[in-house]
Each structure stands twice: as C-alpha cells, then as structure tokens.
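User: Please take me through this structure in questions and answers.

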Number of protein chains: 2
Amino acid sequence: MAEVLRQDQVFVSVDDLILTVREGRLNLLLSRRAGPPFKGCWALPGKLVERADSAEATALKLLRQMLPIREAFMEQLYTFTELNRDPRGRVISIAYLAAVPWERLSPLLPAEGQGPRLFGVSLNGGALGLEGGEGLRLTGGDLAFDHGRIIETGVQRLRGKIDYTDIAFHFLNDPRAFTLGELQTVYEAVLERTVDASNFRRTIQNRYEETGRIAQTDRAEVPRKRGRGRPAAIYRLTDQ
Amino acid sequence: MAEVLRQDQVFVSVDDLILTVREGRLNLLLSRRAGPPFKGCWALPGKLVERADSAEATALKLLRQMLPIREAFMEQLYTFTELNRDPRGRVISIAYLAAVPWERLSPLLPAEGQGPRLFGVSLNGGALGLEGGEGLRLTGGDLAFDHGRIIETGVQRLRGKIDYTDIAFHFLNDPRAFTLGELQTVYEAVLERTVDASNFRRTIQNRYEETGRIAQTDRAEVPRKRGRGRPAAIYRLTDQ
DNA sequence: ATTTTTTATGGTCAAACTGACAAAAAACAC
DNA sequence: GTGTTTTTTGTCAGTTTGACCATAAAAAAT
C-alpha cells in the first residue's frame, strides 16, 4: 500500500476480520505493520480496492494472500468512513468477516515470530481484550487505525447472528461430518459462556433437524479418531 | 453528479433509502432521474461522498437536501460494490436507511408530478413491488442501477431488526406521546401482516415497560384529537 | 335515549419453548 | 471388574406465544 495517497480523492480499502475457533476460544488473525503509519502495531489485514475488483473479490484475494486457502465463508460486516481513520489520507474501509475452521487454518500459519499471528478474543461487556500467547496482551486501543472498533463490531455481529444463521457451521472442520459437541464448542467460544449440552442438543435438533438442514450420518462411513467418553453421533449439513 | 467519471479510480457514493409509514403502509422516496444514465427511471436519492465528509454526514446532507428536515434516524444498511452497477464508471455505494415519521415528511413533499415521490412497498416472499399512485406500478427491475436490490435489502433488514431494536419508534410522529395502536400500525406496515392487538400490547409492555424504556403519560398533559372508539393510553419513550 | 359500532384493554387457555437438573448409555482408564 | 468421561435421553417447573373471548369507553347511528 502506498505510504502517501493523493489528497484529493477518496480511497476504498477492505479489511478482513479472519476468525477461527481454537481450543474452545475465538481467535482472530492480526499482522504486524511493517511500515508507517502505526509501524510495529498489530492490525487487521487490509488492501486497497482496485478498479477491476469488487469489494468482495478484494476481501477474498486478501484472505488468500494471508493464508493460502481456497475459499471460506465471508460476509460484509460494516463500512467505516470516519474522516481521520487513516493518517495517510481519505480512506474508507469495507470490513469483511471470515470464518475459517481451525484445522484448515492451523497448517497455513507461518512460524512464530514472523508474519500474522492468532490472538484469542475476549469481549465481556467492557473492553476488547486480545491475547497473543507468550504474555502478549493487547487492548483495542493498541491496534492500528480504528481496528479495535472493527473487531468489536465483528464479534458483536457474530454473536447476534449465531443463532439464526448457519454461521457457526463454517467454523467446523467439516460441516459434512461433525458432532453436536463440536458445534457446541463453537457456540461457547463465540458467546464466551458455557451452554448446557442437553438443552443445546434440543435447540439445534428443533431448529435444523426438523427442517432437514442437518441429518445424522452413519458413523461407519466416517472414520474418526475417538477420545474418551461415549462416541458422539455424526451429523452433516445437507445441501439444500 | 458528473455524467462521466475518471476511469482510473474508484468513486464512493451514498444512496438513501428514506422510509415512512403512511396510512398503514410502508412507503419509500424515489426521485426520477433527470439525465443519463437511466434517464427518466426512478431511483433512490444518491450523492458522491466528498473528501471532507464521512459517509454518514453525506447521507444526512442528502436527506436534508431531499426533505428540508433537521434530523432523522439513520443507519448504515450495506455497501454495494458490483463492478458494473454504474455505467459511468467504478462507483461503489454505501446505502443508508432513514426512518421519517409521515407527519413530518408529508408537508415537505413537493407537489405531485415534480421531484421525489412516495411509493408504497410490497415484498411478500417473491419480488419487490412499488406503487406510486395514479396507477403507477413498478417492480424492482424498473429502477435505476441496482436500486431494486438495495430496497429489498433494506426492507428485509428493517423487518429483521424491528423487534430487537427501537427502530419502530422512529416512524412515530412523536416518540414522546404515542399510543400502542399507533406503534402496532408501524409493525403491521413493516411486517406486511396483521398483528393481534392484545398480544402486541403484552409483548411491548414486557419488552419495554419493565425495563423503564417506555412509560405511560397522563393523558391530560397531551391533548390529542380523538377518533372513534375508546381513547388509548398515551405512552412515551423515556430518555435513558 | 338507546342501540350499534369502533377501538382499547384485560383475561384465559393450551401449546410451545426455556433453563436447570437427573439419569442412563457407551466408550476408555485402571 | 470399578471408576471416569462424554454423549444422550428424560423430567419438570416456569415462561412465552398465539388464538381467542369479554369488557370498557368512546363516537356514530337509530
């Protein structure tokens, strides 16, 4: 991205809020800024929208650039247009929210220390907290630009939509073979609270099974490593 | 708006979806395009975002330009960025949804035939329908640009948010003195279906009265023209 | 003046849903 | 075998929802 922009026009950029659920916790991807402004600060991956790309296409390009990944669930989050959000000039940002399964994201992450990094997210009523491991803790105000606000908006949107959209399923390693326990873990990570397993099962079955959106799979067809405890039934998200 | 735009950059515009509830029906404001492209077509009011204005400020300016009005509820709807949505060049549009009480909008509308015009909206599962009076009926495809899609997005958003936000109150002439019947009319217009008055009352009272968001007003303080039937209690939306 | 009509308000009742919890089932660890 | 863990089924009271019916308070009709 150019470090100085023409001062007489409005530029359009895209920022990607790339989310995953790792070990029962919601995580997001931040990269460290190599140059000014906010040199050395952590920031969401961003990219100017080019003449020949839609914002959606730009957001997907950017995602593929960060993680060599084919595709992922993406949805437009909000457009941020405050006048001084970028010191280089007038830049508005269309933020996108991406959900990537941890098992797919994990092998694509570069080695520790370099490049982008995952941060655990906490947003309990009060302020945003980010935890990057090795004692690295950030608050929303530590981030570049208005990216703290973008993250807050994204997490709240995710929480609001989780129980009337399919969004939770996109965090599952394989929506065509998952257990209700795995789905519950996604809910608990996103909502940052525990959920009663029994009631969760009932809710999901009412919401999806009756309408045919999910169905049980014969476990013999889907070999799975099993841990302790009674083995769980395998469900799949159906096509229609 | 210039009829030819520079071909090497991305322009940012704002479109306003100005909504009101008139005679129990959801209505929106369209203007007829004076010049190309889509000359003579009906379109949402739009405006390029200038260097020194946020999108929100641009949307408000545009609203004030259409209706000499001080302020109104506005909320960002969605950003449309398809490549060929504007034949003049590369223009993305940040759509805003505005809610204006009919009693405030009504005296500001220009005489029939000239300028902007109100259209009744119908969106029943199938396609979007617009009714402008005098036998003037449009479908979403008759509109300029992608404005049919913008309207569909806006109506669906409004329906989705009406019962967990305060948005319905902004269609009331005076949120500090309204009856539950008036509020019910807003709901029925937005949802395009009837609502049981008794259950509606119970729901609203549970949702707002217990939390102190609305309160009953002494009717003596608020003189009101009365129609037929038992006079209704007057409620007000409280500050906090 | 009385009745009818209209709108507002209050109440009932069964069905559906919710949250908290108990208990059985099916696997592993020892 | 006995414990432990996780999944799964069931229970039960409290709440919410949708469909009604009944009454109250006003204007309109007779």
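Analyst: A residue is near a molecule or strand if its C-beta atom, placed from the backbone, lies within 6 Å of it. This is a predicted model, in which local features need pLDDT of at least 70, side-chain atom pairs count only at pLDDT 80 or more, and totals for chains, interfaces and linings use all residues. Residues are numbered from 1 along each chain as its sequence is written, and chains are lettered from A and ligands numbered from 1 in the order in which they are written.

User: Which residues come nearest to DNA strand D?

Analyst: There are 20 residues around DNA strand D. Those that come nearest are Gly181(A), Gly229(A), Arg230(A), Ala233(A) and Arg230(B).

User: Which helices each supply at least two residues of the surface near DNA strand D?

Analyst: Helices (H or I, at least four residues) and strands (E, at least two) are DSSP runs, numbered from the N terminus. Both chains take part in this surface: the helices are H4 (180-191) and H5 (197-209) of chain A, and H5 (197-209) of chain B.

User: How many residues of chain A are in contact with chain B?

Analyst: Two residues are in contact if their C-beta atoms, placed from the backbone, lie within 7 Å. On chain B, 18 residues take part, and on chain A the number is 18.

User: Which element gives the largest share of that side of chain A?

Analyst: Helix H1 (55-66), strand S5 (73-80) and strand S6 (91-99) of chain A each supply at least two residues of the side that touches chain B. The largest share, three residues, comes from S5(A).

User: Why is strand S1 of chain B largely enclosed by the rest of the structure?

Analyst: A residue is buried if 20 or more other C-beta atoms lie within 10 Å of its own, exposed if 12 or fewer, and partly exposed in between, with C-beta atoms placed from the backbone. S1(B) covers residues 11-22, and it is largely enclosed because the buried residues number 11 of the 12.

User: In S6(B), which residue stands opposite Val12(B)?

Analyst: Two strands pair if DSSP finds at least two bridges between them. Nine bridges join S1(B) to S6(B), and these strands run parallel. Opposite Val12(B) stands Ile92(B).
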